[in-house]
Amino acid sequence: ASGAVRQASKLLAPRLVANRTGVMCCDIQERFVPLIKNMDSIIHCSKWMLNAAKELKMPVIATEQYPKALGSTVKDVKGELEGAFMFEKTQFSMLTETVVETVKKQEDVDTWVILGIESHVCVQQTALGLLAMDKNVFVLADAVSSQYVGDRYVALERMRQAGAVVTTTESAIFELLGDFKHPLAKKLSKGGKGRPECGLPTAALHASGKL
């Protein structure tokens, strides 16, 4: 996409278009499985989104945070990362020097969907970094989490305030498809079956003071 097209897209509400969108999978590692709230939802929704990216031929970048101590990517998720750009890191943001180089090489991609953990650390720092690179950022609320509910909720709010779009996995996939007549629509829609509860607090509960 030309610079003019990218600039025009910034003036409007960002939209997900498959040939201009990539996915970033942040540190979904074995050590975190018993620690992260609603981890079953994170794994399910991450697999669903990554499978959609593979089917739609979207670029995927995945990282592992210090795998010597924190283990490798969860097996179920790793199975969807065939063909992805894989990197190890110690810094919190996914945007290491080599990842930034990889992002820049995806010249037609102006939008990145982020999933993974933890919401308030690695995911948030990655989102803010991509926004600083003038990219559109979509954060999948049901595919990111933290050890504590409050950290997750505040991180989603901060990323939204900074300019990221906070959405859900099904919403993102259906927006990328655009039409149920899309040849992949029926196949990809099946990924939502049996989804675990994602644990997101509702506006009503916050308003009532119960959360």
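A residue counts as buried when its relative accessible area is under 20%. In this predicted model, Cys-25 falls in that class because its relative accessible area is 1%, and Cys-122 is buried as well, at 7%.

A disulfide is a covalent bond between the sulfur atoms of two cysteines. The pair of sulfur atoms has to lie within 2.5 Å, and by this rule the model has zero disulfides. The table sets out two of the cysteines, each with a closest cysteine sulfur that is too far away for a bond.

| Cysteine | Closest cysteine sulfur | Sulfur distance |
|---|---|---|
| Cys-25 | in Cys-26 | 7.8 Å |
| Cys-122 | in Cys-26 | 4.8 Å |

Turning to the helices, H2 (residues 39–55) packs with H8 (residues 169–177) at an angle of about 10°, the two axes being 10 Å apart, and the pair is therefore roughly parallel. H2 brings Cys-45, Trp-48, Met-49 and Ala-52 to this contact, while H8 brings Thr-169, Glu-170, Ala-172, Ile-173 and Leu-176; these residues divide into seven nonpolar, one polar and one charged.

The largest nonpolar core holds 38 residues, and the members that touch the most others are Val-23, Ile-28, Met-49, Leu-56, Met-58, Val-77 and Leu-115. Among the elements that give two or more residues to this core are strand E1 (21–26), H2, strand E4 (111–117) and H8, with H2 supplying the largest share, nine residues. A second, separate core of 25 residues includes Met-24, Val-137, Met-159 and Ala-164.

Conventions:
Residues are numbered from 1 along each chain as its sequence is written. This is a predicted model: local features need pLDDT of at least 70, side-chain atom pairs count only at pLDDT 80 or more; totals for chains, interfaces and linings use all residues. Side-chain values use heavy atoms; hydrogens and water are left out. Buried means under 20% relative accessible area, exposed over 50%, partly exposed in between (1.4 Å probe, protein chains only). Axes are lines fitted to C-alpha atoms, for helices over the stretch in contact, and angles run from 0 to 180 degrees between N-to-C directions. Helices (H or I, at least four residues) and strands (E, at least two) are DSSP runs, numbered from the N terminus. Angles under 35 degrees count as roughly parallel, over 145 as roughly antiparallel, 65 to 115 as roughly perpendicular and the rest as oblique. Contact means heavy atoms within 4.5 Å. Ala, Val, Leu, Ile, Met, Phe, Trp, Tyr, Cys and Pro count as nonpolar, Asp, Glu, Lys and Arg as charged, and the others, Gly among them, as polar. A nonpolar core is a set of buried Ala, Val, Leu, Ile, Met, Phe, Trp, Tyr and Cys residues joined through side-chain atoms within 4.5 Å.
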